[in-house]
Every structure is written in structure tokens, then in C-alpha cells.
Amino acid sequence: MKQYRFLVPTVDNDGQPFAAADFAWLQDELVVRFGGWSCDGVVEGAWRAEDGAVYSDRSRRYVVVSDAARAEVFGFLAEVRDRFRQLALYVEEPATAVTFL
């Protein structure tokens, strides 16, 4: 199994908070698709887009563990990116395996 971490902003690019229903959808889907999730806090950061624009975000960092194919995990994360109207979604894909004892 592999662990994936990804960031989901708490507000859209106009500064409007995402609805609780958006996060409920995400968390429900994480349980259905991956069997569970963890949120290890809110983080802050910034990134520069290809056009030079700089975006600052406060984001929730989610963690899932899956033995699904990488393409399946990334396909779902593309849905998340689109649902939260993002240009990009930060994803960590560690090379180490995760084992539950």
C-alpha cells in the first residue's frame, strides 16, 4: 500500500469559503474509494502559476492509503481538483510502502 498526501484549499480563488457539502463529498468519497482518510491539519503556502501569478492558500492536508493503481488514485484527485476549481492540486506520492499491523 502507498500513502498519498494532498492539499485542498479552504477557500476558492475569490476568497469565498468552500461549502461544508464540498468537504463532506470529499470525505465520503475518500471512505468509499480508499477505505478512510486522515486530515493532519491546515497548512499555509504559496505557489507561482505558469503565467507568473502567485496564489496563497490555507489548505487542509489529507492523507489516504491505497493499494489501487496510481492512475486510479490520480484520476480521483483530478476530480477533486476540478470540484474545488483549482488550476493544480498538490500531491505527495512517497516511494515508501505503508503497512497496517
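Visitor: What classes make up the lining of the largest pocket?
Guide: The lining has 10 nonpolar, 4 polar and 2 charged residues. Nonpolar covers Ala, Val, Leu, Ile, Met, Phe, Trp, Tyr, Cys and Pro, charged covers Asp, Glu, Lys and Arg, and polar takes the others, Gly among them. This is a predicted model, in which local features need pLDDT of at least 70 and side-chain atom pairs count only at pLDDT 80 or more, while totals for chains, interfaces and linings use all residues. Residues are numbered from 1 along each chain as its sequence is written, and side-chain values use heavy atoms, with hydrogens and water left out.

Visitor: Which residues lie nearest the centre of the largest pocket?
Guide: L7, W47, D57, S59 and Y90, out of 16 lining residues. A pocket here is an open set of points on a 1 Å grid over the protein atoms alone, where a 1.4 Å probe fits, with protein on both sides within 12 Å along at least five of seven lines; lining residues have an atom within 4 Å of a point.

Visitor: And which elements give two or more residues to it?
Guide: β1 (2-9), β2 (38-48) and β3 (54-66). β2 gives the most, with 5 residues. Strands are DSSP runs of E, at least two residues, and helices are runs of H or I, at least four, numbered from the N terminus.

Visitor: What's its volume?
Guide: About 300 Å³, taken as the space filled by probe spheres set on the grid points, which are joined across faces, edges and corners.

Visitor: Change of topic. Is Q27 buried or exposed?
Guide: Q27 is buried, because its relative accessible area is 19% and buried means under 20%, exposed over 50% and partly exposed in between, with a 1.4 Å probe and protein chains only. Q27 lies in helix α1 (residues 20-34).

Visitor: What does Q27 touch?
Guide: W37, R60 and Y62, not counting residues up to four places away in sequence. Contact means heavy atoms within 4.5 Å.

Visitor: And R48, buried or exposed?
Guide: R48 is exposed, at 62% relative accessible area. R48 sits in strand β2 and contacts A53 and V54, leaving aside neighbours within four places in sequence.

Visitor: What is phi of R85?
Guide: Near 50°, a positive value in a residue other than glycine. Most residues other than glycine have a negative phi. R85 is in the loop between α2 (70-83) and β4 (91-92), and is partly exposed at 49% relative accessibility.

Visitor: What does the protein chain average in pLDDT?
Guide: 92, with 94% of the residues scoring at least 70; pLDDT is the predictor's confidence in each residue, from 0 to 100.
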